[in-house]
Amino acid sequence: MNQEEFINSGETLQTELLGTTPAEIQKAGALLASGKLVAIPTETVYGLAANAFDEAAVRSIYTAKGRPSDNPLIVHISSFEQVYELARKVPPEAIKLAEKFWPGPLTIVLPKKSVVPDAVTGGLDTVALRMPSHPVAREIIEAAKVPLAAPSANLSGKPSPTKAQHVFEDLKGRIPAIINGGECGFGVESTVVSLCGEAPRLLRPGAVTPEEIALVCGKCEVDPAVLKELEQGQIAASPGMKYQHYSPEAKIVIVDCDLEQYIKFCEKHKSDGVFALCFEGEGEKLSLPFVEYGKENDPASQAQELFSALRRLDELGAKVAYARCCSAAGVGLAVRNRLLRAAGFNVISAEEAP
Ligand code: TXA
Ligand code: MG
């Protein structure tokens with residue numbers, strides 16, 4: 001029975017929590033090389049890894065996550081030479097971006113070689129590549145001796161996991177092992193940039209900003225789906241954009257206003273199950289129960305804590321959460337993009353707020 005049949009059979013696996021000793025990393029590498037799934041830490045979020053060349057192993061990622069199979073995966077590599085194994089064309093911009101941002105939280109989409117199975121790319125003619133900066137992630141790739149296809153290690157639709165505990169909550173009984181490498185440094189997924197069109201195009205914002213990409217490549221277009229809901233019938237440049245992502249059970253509503261207005265807004269909306277999702281130090285000024293994430297003028301700290309905060313709201317049984325949110329500048333673009341998706345693009349402006 002392969003892993004897909006196993007999961008469909010309703011039986012459960014014993015999910016082992018491993019540390020990061022050389023022996024445990026070798027064990028993870030051996031599991032991956034034999035077609036099994038292992039959740040691994042990266043500097044962005046935890047990934048659910050499989051041998052990128054093993055079609056059956058890659059398919060079992062979709063089953064374990066409950067992920068739609070047309071949503072392609074990122075292939076993780078540990079050396080630049082692997083780009084040439086996987087991509088058919090490597091434009092000079094790819095080399096320049098890799099020199100500047102790899103290893104690190106940048107994913108580059110390039111035309112793929114036929115060795116990359118369709119299961120990885122959702123049938124697209126392109127492949128997304130990233131060299132993570134988390135040393136444990138690279139050690140595991142080296143131990144497996146193959147590039148690793150890995151989406152975020154959450155159940156499809158749940159916020160991405162930033163701690164091994166989150167992975168365990170979502171995937172226990174569905175995967176054989178999780179490597180616990182502590183909390184992820186960035187907390188939101190990598191920036192995705194496509195180099196398959198005329199100009200570099202940002203498909204998903206992350207820690208590397210479009211301004212930084214433009215400094216290296218001369219320009220960087222931002223796909224409209226980054227901040228706006230796709231209209232019906234519009235085709236997503238990045239298939240991930242069309243799914244409602246990152247949603248906790250609680251209904252999230254973004255409230256765009258200053259703190260004073262927000263305090264009044266919360267006062268008016270006191271009700272059973274209604275929570276505030278606010279910045280550090282603000283909760284005690286509010287009349288609602290609250291979960292805090294990051295500092296007001298520090299989007300990097302917000303990014304690091306956002307997904308954990310969304311999971312916390314569910315643990316506390318929140319039905320609705322009114323959220324403070326930063327502007328879409330710099331790393332704030334990534335935070336706002338994720339929170340907009342968690343909120344299903346539900347935003348109340350300052351005028352409507354109080
Ligand atoms: O930080 C990250 O990127 C994490 C860690 C584990 O590395 N991974 C991650 O993977 O976020 P995932 O599968 O949750 O998101 C991959 C995103 C999706 O939005 C997908 O649509 C897009 O990358 N993507 C993958 N391959 C693509 C391709 N060939 N063309 C366009 N978009 C692609
Ligand atoms: Mg994901």
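Two strands pair if DSSP finds at least two bridges between them. Helices (H or I, at least four residues) and strands (E, at least two) are DSSP runs, numbered from the N terminus.

This is a predicted model, where local features need pLDDT of at least 70, side-chain atom pairs count only at pLDDT 80 or more, and totals for chains, interfaces and linings use all residues. Residues are numbered from 1 along each chain as its sequence is written, chains are lettered from A and ligands numbered from 1 in the order in which they are written, and side-chain values use heavy atoms, with hydrogens and water left out.

**Exercise 1. Work out the strand order of the open sheet of five strands, and name the strands at its edges.**

Step 1. Write the order: β14-β13-β15-β12-β16, with parallel pairing.

Step 2. Pick the edges. β14 (290-292) and β16 (347-348) each have a single partner strand, so one side of each is left without a neighbour in the sheet.

Step 3. Contact means heavy atoms within 4.5 Å. Helix α11 (residues 299-315) packs on the sheet and touches β12 (251-255), β13, β14 and β15. Helix α12 (residues 332-342) lies across β12, β13, β15 and β16.

Step 4. Give the angles. Axes are lines fitted to C-alpha atoms, for helices over the stretch in contact, and angles run from 0 to 180 degrees between N-to-C directions. α11 makes about 160° with β14. α12 runs at about 135° to β12.

**Exercise 2. Decide how many residues of β13 are buried, and which way each one points.**

Step 1. Buried means under 20% relative accessible area, exposed over 50%, partly exposed in between (1.4 Å probe, protein chains only).

Step 2. Count. Five of the five residues of β13 are buried, so the strand is largely enclosed by the rest of the structure.

Step 3. Sort by side. Val274, Ala276 and Cys278 point one way. Phe275 and Leu277 point the other way.

**Exercise 3. Describe the largest nonpolar core.**

Step 1. Define it. A nonpolar core is a set of buried Ala, Val, Leu, Ile, Met, Phe, Trp, Tyr and Cys residues joined through side-chain atoms within 4.5 Å.

Step 2. Give its extent. The largest core has 49 residues. Among those with the most contacts inside it are Leu48, Trp102 and Leu106.

Step 3. Find its main contributor. Helix α3 (residues 55-65) supplies the largest share, five residues.

Step 4. Look for another. Apart from this core lies one of 27 residues, including Ala250, Ile254, Val291 and Cys326.

**Exercise 4. Classify the ring pairs Phe80-Tyr84 and Phe279-Tyr293.**

Step 1. Set the rule. Rings of Phe, Tyr and Trp (its six-membered ring) pair if their centres lie within 6.5 Å; planes under 30 degrees apart count as stacked, over 60 as edge-to-face and the rest as tilted. By this rule the count is four aromatic pairs.

Step 2. Classify Phe80 and Tyr84. Their centres are 5.7 Å apart and their planes at 80°, so the pair is edge-to-face.

Step 3. Classify Phe279 and Tyr293. Their centres are 5.2 Å apart and their planes at 50°, so the pair is tilted.

Step 4. Phe80 is partly exposed at 22%, and Tyr84 is partly exposed at 41%. Phe279 is buried at 2%, and Tyr293 is buried at 0%.
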